[in-house]
Amino acid sequence: MASADSPADGHGGAADDVPLAVELRGITKRFPGVVANRDIALRVRRGEVHAIVGENGAGKSTLMRTLYGEHRPDEGQILVDGREVAFRSPADAIAAGIGMVHQHFMLADNFTVLENVVLGSEPTKAGRLDLAEARRRITDISDRYSLGLRPDALVEDLGVGDRQRVEIAKVLYRDARTLILDEPTAVLVPQEVDELFANLAELKREGLTVIFISHKLDEVRRVADSITVIRRGTTVGTADPRTTTARQLAELMVGAELPSPEVRTSTVREVPVLQMVGVTVTDGGRRPVVDDVTLTVREGEVVGIAGVEGNGQAELVDAIMGLRPLAAGSVLLGGEDVTGWSTRARREGGVGFIPEDRHRQGMLLDAPLWENRILGHQTRPPAVRGPFIDRRGARADTARIMREYDVRAPGPDTLAVALSGGNQQKLIVGREMSAKPRLLVAAHPTRGVDVGAQAVIWELLKDARAEGLGIVLISADLDELIGLSDTLHVMLRGRLVATLDPRRVTPEELGGHMTGARTTAGAA
Ligand SMILES: Nc1ncnc2c1ncn2[C@@H]1O[C@H](COP(=O)(O)OP(=O)(O)OP(=O)(O)O)[C@@H](O)[C@H]1O
């Protein structure tokens, strides 16, 4: 059973009288070679916001998927509103009032809010979907929980925060009383996080229960009523957010004391590794999505690009990597014009790449880790020896990366799909750094990675920078952008609209520039 390592919950007087919305008793879930959950205990009171924290691979997603009927537990009991349930699928969980918002939104872009919300839900008794009725219900839900949704807006026109609210509405439309949110704030800027937390407060006020996974311990402390900490597959305690510091939480998660952050020193040298001159990229129609961007990355410099998702950062990365043609401008690597070069030639010329969407661009999920180790690096050791694929060399080097980057998995032959998201990311970072690039294009390098592993990746990036690596850093994590960057640009509607000093700017100011709420007086 779980032990309470830190201030036990139940402090709030009558709190223990509140009935439980969800209770998990002794849940164990095994995958081949891994026990993902072992004898887990979780007690979530009705009407509370309950956070689940833990390192990458601790078993958080597995536990939530089990509660949502996506996995069946090997042992243990699930109780919803005090009654034992046995879900065979998410449909069963939904019928019992449990809904889930996944980290990657599952919305159809070219449909309206209304269409997305009703998509896949049960038709009426008459067997047809009553659109007028659906519209009325969505408007009700939106008003009741202050979601601010417009039923006829196209999802493709919505920002990230609104898309998330559509996902929440979708779950509420199916009468969920308990909502599971998987890392809901990973994709949000601070203002959007505040909005989300206001939405959660509304849900709570209406008596709904929220369970959410997060790696951001400060946020967890701000919004949660109670916290369950999971380490290596099992519950190690519950914590009271009011009396537990982020550091104590992190230590509970890793079971050890963390190192303190150190001060930064500049390692920038006056040698350009990347120059973009007047780069413009257009979408299918001729609208510029990257609009006349000029920037330089020097040796030993981290250039951060801040921006609300969808303001051209992804296309900027594509332009650097040669993944799409330029409408104007040029890209130079180490002074050489590479505008016409293929992605492969750029990579071989010393460009490392941590893509935004690791499942689409960074990994082969159905392949073993050692094959993923050589993906994109097939033409040099350890992938080849002479004219042959060097399986043994690739395996050995994969094992090295697993050690150095703390990739938790049984071994190099494990399939990538069996790794937790954070561990997949650590493997990609290790692979790209192992090629000793001159320039690293890093899109969200620590997305989904826990605080311990994040600190490790940050250290590795800093060490490489000190040795002369130039880094383009795209991130939605403003602390990461501010903490790592030597120069910080803000991208808005395809343009670089401000250049800020990361030593002075606060996350709130940066967020203001990102949403265009501030003037661009800071532009250099
Ligand atoms: N489908 C699967 N097949 C095999 N192993 C799996 C599968 N899903 C998860 N695992 C393993 O179960 C363990 C727990 O993974 P899980 O995704 O639940 O962790 P997590 O706490 O959500 O991690 P993260 O913070 O990195 O997302 C890991 O060792 C993972 O490799």
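H444 counts as buried, with 23 C-beta neighbours inside 10 Å. Here a residue is buried if 20 or more other C-beta atoms lie within 10 Å of its own, exposed if 12 or fewer, and partly exposed in between, with C-beta atoms placed from the backbone. This is a predicted model: local features need pLDDT of at least 70, side-chain atom pairs count only at pLDDT 80 or more, and totals for chains, interfaces and linings use all residues. Residues are numbered from 1 along each chain as its sequence is written.

**The whole protein**
- The protein has 524 residues, and buried residues make up 46% of them.
- Its secondary structure comes to 17 helices and 22 strands. Both are DSSP runs numbered from the N terminus: helices are H or I with at least four residues, strands E with at least two.
- Of the contacts with a separation of 6 or more, 69% are between residues 24 or more positions apart. A contact means that two C-beta atoms, placed from the backbone, lie within 7 Å.

- H444 has a positive phi, near 50°, and is not a glycine. H444 sits in the loop between β19 (439-443) and α15 (451-466).
- S146 is another residue other than glycine with positive phi, near 50°. S146 belongs to the loop between α4 and α5.
- S146 is partly exposed, with 15 other C-beta atoms within 10 Å.

**Helix α5**
- α5 covers residues 160-173, 14 residues in total. From first C-alpha to last it reaches 20 Å, close to the 20 Å expected at 1.5 Å a residue. The expected span is 1.5 Å times one less than the number of residues.
- Its buried residues are Q164, R165, V166, E167, I168, A169, K170, V171 and L172.
- The cover over these buried residues includes β6 (98-101), α3 (113-118), α4 (131-144), β7 (178-182) and α6 (190-205).
- D175 follows α5 and has a positive phi, near 65°.

**α5 against α6**
- The two helices α5 and α6 pack at about 20°, with axes 10 Å apart. Axes are lines fitted to C-alpha atoms over the stretch in contact, and angles run from 0 to 180 degrees between N-to-C directions.
- α5 and α6 are therefore roughly parallel, a label for angles under 35 degrees.
- In α5, V160, G161, Q164, R165 and I168 meet E192, E195, L196 and N199 of α6.
- The residues of this contact divide into 3 nonpolar, 3 polar and 3 charged. Ala, Val, Leu, Ile, Met, Phe, Trp, Tyr, Cys and Pro count as nonpolar, Asp, Glu, Lys and Arg as charged, and the others, Gly among them, as polar.

Notes: Parallel < 35°, antiparallel > 145°, perpendicular 65-115°, else oblique.
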